[in-house]
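Colleague: I would like to learn how to read a model of this kind, feature by feature. Please show me the structure before we start.

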Amino acid sequence: MGLKKTSKHNTQTAALKQIIKRCSSFGENENGFPHDVPKGHFVVYVGENRSRYIIPISWLTYPEFQSLLQRAEEEFGFSHDMGITIPCDEDDFCSLISMFR
């Protein structure tokens, strides 16, 4: 049973590292730095109007946020130049992230 937990944890850690790597390159200028996104953050787009949110990378540790990212990858993929689109109603997203603050 301990091996399954370790294997699952390693898989989740690898997935999070992959997401961070993908997110860290969004919106870079010619020097490799984001135009308006502070270090340690990334951009997501939420809701019907694709409202833009700048999210701390530390939120990737929350299982609820990981679930949203998994849904985003399944629905939209992560091969976007501008950020990750989250398949979630904006009001629901705001309620969720209010728990993280």
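Colleague: Which residues do ring pairs link into a cluster?

Modeller: Ring pairs join Phe42, Tyr53, Trp59, Tyr62, Phe65, Phe93 and Phe100 into a cluster. This is a predicted model, in which local features need pLDDT of at least 70, side-chain atom pairs count only at pLDDT 80 or more, and totals for chains, interfaces and linings use all residues. Residues are numbered from 1 along each chain as its sequence is written, and side-chain values use heavy atoms, with hydrogens and water left out.

Colleague: How is a ring pair described?

Modeller: By the distance of the centres and the angle of the planes. Rings of Phe, Tyr and Trp (its six-membered ring) pair if their centres lie within 6.5 Å; planes under 30 degrees apart count as stacked, over 60 as edge-to-face and the rest as tilted. The structure holds seven aromatic pairs. One of them is Phe42 with Phe65: the centres are 6.2 Å apart and the planes stand at 65°, so this pair is edge-to-face. It links distant parts of the chain, with Phe42 in strand S1 and Phe65 in helix H2, 23 residues apart. Helices (H or I, at least four residues) and strands (E, at least two) are DSSP runs, numbered from the N terminus.

Colleague: Are Phe42 and Phe65 buried or exposed?

Modeller: Both Phe42 and Phe65 are buried. Buried means under 20% relative accessible area, exposed over 50%, partly exposed in between (1.4 Å probe, protein chains only).

Colleague: What is the geometry of the pair Tyr62 and Phe100?

Modeller: The ring centres of Tyr62 and Phe100 are 4.1 Å apart and the planes are at 5°, so this pair is stacked. Tyr62 sits in the loop between S2 and H2, and Phe100 in the segment after H3, so the pair ties together parts that are 38 residues apart in sequence. Tyr62 is partly exposed at a relative accessible area of 29%, whereas Phe100 is buried at 10%.

Colleague: What is the secondary structure of the chain?

Modeller: The chain has three helices and three strands, and along the sequence they follow the pattern α-β-β-α-β-α.

Colleague: In which sense do S1 and S2 pair?

Modeller: Two strands pair if DSSP finds at least two bridges between them. S1 and S2 pair in the antiparallel sense over six bridges; Val43, for example, has Ile54 in S2 as its bridge partner. The two strands form a hairpin with four residues between them, and Gly47 in the turn has a positive phi of about 80°.

Colleague: Which residues touch the most other members of the largest nonpolar core?

Modeller: In soluble globular proteins, nonpolar side chains tend to be buried together. A nonpolar core is a set of buried Ala, Val, Leu, Ile, Met, Phe, Trp, Tyr and Cys residues joined through side-chain atoms within 4.5 Å. The largest one here has 18 residues, and Val44, Ile55, Phe65, Ile86 and Phe93 touch the most other members. At least two residues each come from S1 (41-46), S2 (51-56), H2 (63-76), S3 (84-86) and H3 (90-98). H2 gives the largest share, four residues.

Colleague: What is Phe93 in contact with?

Modeller: Contact means heavy atoms within 4.5 Å. Leaving aside neighbours within four places in sequence, Phe93 contacts Val44, Val46, Tyr53, Ile55, Phe65, Leu68, Ile86 and Cys88. Across the chain, residues 24 or more positions apart account for 48% of the contacts with a separation of 6 or more.
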